[in-house]
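Open the structure in your viewer and keep the selection tool at hand.

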Protein chains: 2
Amino acid sequence: MSLNTVIPIPRRTLHDELVDRLRHMIIEGELAPGEKLSEKDICASFDVSRTPLREALKVLAKEGLIQLIPNRGATVAKLTISDLEEAFPIMGALEAVSGELACANITDPEISRMERLHKDMVDCFKARDMSGYFQRNELIHKLILDAANNPTLVEMQRSLSGRIRRARYMANMSDERWAQAVAEHEEILKATKERNGPLLGSLLKAHLANKLASVRAALAE
Amino acid sequence: MSLNTVIPIPRRTLHDELVDRLRHMIIEGELAPGEKLSEKDICASFDVSRTPLREALKVLAKEGLIQLIPNRGATVAKLTISDLEEAFPIMGALEAVSGELACANITDPEISRMERLHKDMVDCFKARDMSGYFQRNELIHKLILDAANNPTLVEMQRSLSGRIRRARYMANMSDERWAQAVAEHEEILKATKERNGPLLGSLLKAHLANKLASVRAALAE
DNA sequence: ATAATGAATATTGTATTCAAAATTCAAGTC
DNA sequence: GACTTGAATTTTGAATACAATATTCATTAT
């Protein structure tokens with residue numbers, strides 16, 4: 001083993017670690033929306049002092065996952081319908097650029113990988129394996145995003161989707177909508193293979209708009 | 001004076017104040033890109049302890065204005081050409097959505113205000129008053145953004161433009177480009193008055209793409 | 001003279017302490 | 001009994017103290 005290939009000993013700061021763990025807990029719903037985050041309690045459970053915790057809370061507040069009110073502490077951000085209505089057009093816009101940029105940069109191997117993922121995803125749909133479907137779905141969108149080759153875009157997309165990811169259980173997808181989503185993905189794959197940026201961009205944008213419409217409809221009941 | 005209309009006594013926390021001041025100093029170039037930010041020195045000049053400062057630094061890092069390396073402190077983020085190339089397409093996408101949304105929501109008084117600002121801006125152009133021009137220009141874009149009625153969008157736009165605002169002195173606008181920008185703004189005003197969302201969106205996007213092209217050209221020299 | 005080593009120093013990361021504000025709660029008033 | 005009022009408690013904000021890491025610099029060996 002050469003010294004060049006040695007992996008540095010991973011050492012993280014407590015505040016970084018806290019950001020990751022708390023973010024995960026919020027996105028996975030372990031910390032409920034609206035829940036009060038007592039500094040004392042969190043410090044006790046993680047066995048850290050308030051200093052690194054408070055630094056972590058500032059970061060999470062910037063990501064929109066918690067709300068900080070001066071002298072009154074932190075609460076997990078609530079996710080209202082209007083939050084979703086705000087976020088979706090922005091997500092759509094970001095997806096649209098990522099699609100346009102991706103077409104300019106995507107490699108043949110990446111397209112092959114996308115085809116494989118797409119096939120798997122369709123199989124999951126046919127087998128009504130929702131969890132497997134979501135997994136492939138996310139990977140496809142991630143692949144497009146990465147192909148766009150724009151770290152800032154990745155970061156913004158990650159931050160925004162983190163906020164609204166918690167909504168994924170708010171409305172169950174209808175079978176009809178599911179089929180529609182799969183059909184849209186066929187188009188998305190096709191546009192990618194043709195490297196048609198503007199088309200892919202508008203497809204992704206429409207895809208997301210439809211998703212919002214279905215969430216809205218499901219919530220209206 | 002009724003008790004309902006009383007404005008609360010403004011009390012800010014030190015870290016919030018520090019975020020604002022440091023952000024301002026970075027954007028205005030008082031803190032140079034790449035400059036090392038010594039905690040000790042900053043604490044001394046603001047006469048605060050390291051605790052609120054460190055909280056502020058975490059926030060500024062999230063905004064992309066500084067770079068934090070564990071155990072090695074903070075430096076003012078450098079602004080490379082590739083940062084601009086990354087940021088501009090995203091800015092364009094955000095402008096495009098804000099244009100679309102604005103058309104759906106903008107009121108007649110707001111349009112009147114936009115017309116006035118536009119007129120002033122053209123006058124500044126004719127008088128070759130660059131600073132006055134920029135000021136009106138920013139107000140027009142801010143007006144569109146506010147009319148979109150989407151706080152999340154405002155926040156993201158603000159954060160992203162903060163990063164690249166420092167570049168405004170990197171390349172001086174050519175007279176030709178300036179005239180072109182004014183012409184584009186005529187179209188933008190027109191589309192707004194017609195409340196043609198998709199058109200306004202694409203105009204704003206193109207406007208920004210042209211801006212990047214001119215910056216890129218100026219820097220190539 | 002240059003490079004390597006380790007002690008001295010400085011800087012960052014974390015914990016603790018102190019101060020200020022908000023919350024709780026019991027006593028008192030209507 | 002419901003509503004104030006203010007003391008006691010809790011919680012948050014900021015400063016200080018301590019620990020760990022990085023940097024500097026003088027010493028030593030080559």
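This is a predicted model: local features need pLDDT of at least 70, side-chain atom pairs count only at pLDDT 80 or more; totals for chains, interfaces and linings use all residues.

Select Leu14(B), His15(B), Leu18(B), Val19(B), Leu22(B) and Arg23(B) in α1(B). They meet Pro52(B), Leu53(B), Glu55(B), Ala56(B), Val59(B) and Leu60(B) in α3(B). Colour this contact by class: it has nine nonpolar, one polar and two charged residues.

Now show the two helices whole. α1(B) covers residues 14-27, and α3(B) covers residues 50-62. Two packed helices are described by the angle between their axes and the distance between the axes. Here the angle is about 50°, and the axes of α1(B) and α3(B) are 8 Å apart. Angles from 65 to 115 degrees count as roughly perpendicular and those under 35 as roughly parallel; α1(B) and α3(B) are therefore oblique to each other. Their crossing is right-handed.

Next, move to chain A. Which order do the three strands of the open sheet have? It is β1-β3-β2 (chain A), and the pairing is antiparallel. Select residues 36-37 for β1 and 66-69 for β2 of chain A: these are the edge strands, each pairing on one side only.

To find one bridge, pick Ile69(A); its partner in β3(A) is Gly73(A).

Last stop: select α3 of chain A, residues 50-62. This helix packs on the sheet and touches β2 and β3 of chain A. Look along β2(A): the direction of α3 of chain A makes about 115° with that of the strand.

Methods: Residues are numbered from 1 along each chain as its sequence is written. Chains are lettered from A and ligands numbered from 1 in the order in which they are written. Two strands pair if DSSP finds at least two bridges between them. Helices (H or I, at least four residues) and strands (E, at least two) are DSSP runs, numbered from the N terminus. Two residues are in contact if their C-beta atoms, placed from the backbone, lie within 7 Å. Axes are lines fitted to C-alpha atoms, for helices over the stretch in contact, and angles run from 0 to 180 degrees between N-to-C directions. Angles under 35 degrees count as roughly parallel, over 145 as roughly antiparallel, 65 to 115 as roughly perpendicular and the rest as oblique. A crossing is left-handed if the near helix is turned anticlockwise from the far one by less than a right angle, and right-handed if clockwise. Ala, Val, Leu, Ile, Met, Phe, Trp, Tyr, Cys and Pro count as nonpolar, Asp, Glu, Lys and Arg as charged, and the others, Gly among them, as polar.
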